[in-house]
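Reader: I would like a close look at one helix pairing here. Please walk me through it, with the cut-offs.

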Amino acid sequence: MPSRAFPEIDLRPGTWHFYLAVPLVLWAEYSIALSMTLNVSVARAMLYSTVPIAGIILMALPTRALILHVLFKLGPAAQAASHVAGALLFAILLYWLRTILNSIALTGDVMNLTLPDFFAPGAAWMLIEGVLYYALIGLVAYIERLRARLATASEGSGDVSADGEAFRLFVRQDDEFRPIDPARIVLARGADDYTEVVTTAGTHLIRMTLATLGERLGPRFIRVHRSQLVNVERIAKAEPAGGGRLLLHMDNGAMITTSRAGARLLRERIV
């Protein structure tokens with residue numbers, strides 16, 4: 001398989017790619033806006049933009065952690081009230097922090113800092129901007145939380161059938177019904193309303209047609225013959241058998257000759 005020229009980039013919320021890309025995009029936007037409004041070079045505008053972006057990053061990190069690990073544990077009403085208070089507090093602290101950082105950047109004096117003037121021109125817009133940043137952080141945190149829950153639910157739901165519903169196959173052993181892990185199924189042979197399921201541990205007879213079983217098990221299983229269903233992940237190798245057919249060597253030692261239609265389905269998987 002050819003190596004990739006570039007590493008795969010995942011910009012979904014919660015990935016480090018996402019949290020690296022967001023401040024870089026904001027930095028670029030600030031730089032362009034300052035370059036146009038102040039009529040300075042892009043390089044100088046990028047330098048000026050470092051201060052507001054640094055303030056946003058310093059405020060965003062603890063705010064995200066607070067939302068994920070504290071606010072999500074509250075009830076809906078408490079969450080809503082906390083978000084209102086949090087947005088106002090975030091906006092005020094962000095304005096204060098950016099004013100302090102600007103003072104340090106312009107004067108280089110960390111002892112005589114210029115305190116923020118909340119009645120200064122542009123202060124209202126900066127406070128509104130802070131509320132919008134809080135809303136963005138909250139939205140991303142909720143998306144992260146939703147993705148984590150969906151991933152947990154997917155891991156715990158077992159195999160999913162072709163129609164999207166969770167499916168578990170049970171077989172009878174004496175007076176008990178035991179589940180079979182679909183990943184351990186090597187092949188299945190159909191005969192009328194019954195199907196013989198061959199796993200890595202043994203063989204089981206179930207009352208289900210081969211067509212129904214194939215639909216339930218999902219795309220990793222292919223109907224290679226009218227009476228044969230195989231797990232493609234259990235094929236050790238395949239070789240031509242003449243007439244457009246294939247001879248499959250399964251990893252349990254079984255050999256299956258496909259039909260022409262089954263061979264075509266398998267060849268579609270070849271890359």
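Author: Helices here are DSSP runs of H or I, at least four residues, numbered from the N terminus. The model is predicted: local features need pLDDT of at least 70, side-chain atom pairs count only at pLDDT 80 or more, and totals for chains, interfaces and linings use all residues. Residues are numbered from 1 along each chain as its sequence is written, and side-chain values use heavy atoms, without hydrogens or water.

H1 covers residues 16–38 and H2 residues 42–69. They pack at about 140°, axes 8 Å apart. Axes are lines fitted to C-alpha atoms over the stretch in contact, and angles run from 0 to 180 degrees between N-to-C directions.

The contact (heavy atoms within 4.5 Å) includes Tyr-19, Trp-27 and Ser-31 of H1 and Ala-45, Met-46, Ser-49 and Arg-64 of H2. Its residues divide into 15 nonpolar, 4 polar and 1 charged. Ala, Val, Leu, Ile, Met, Phe, Trp, Tyr, Cys and Pro count as nonpolar, Asp, Glu, Lys and Arg as charged, and the others, Gly among them, as polar.

Now take Ser-31, in H1. Ser-31 is buried, at 4% relative accessible area (buried is under 20%, exposed over 50%, partly exposed in between; 1.4 Å probe, protein chains only). Beyond neighbours within four places in sequence, Ser-31 touches Ala-45, Met-46 and Ser-49. Other buried residues of H1 include Pro-23, Leu-26 and Tyr-30. After H1 comes Asn-39, with a positive phi near 55°.

Technical notes: Helix = DSSP H or I, 4+ residues; strand = E, 2+ residues; numbered from the N terminus.
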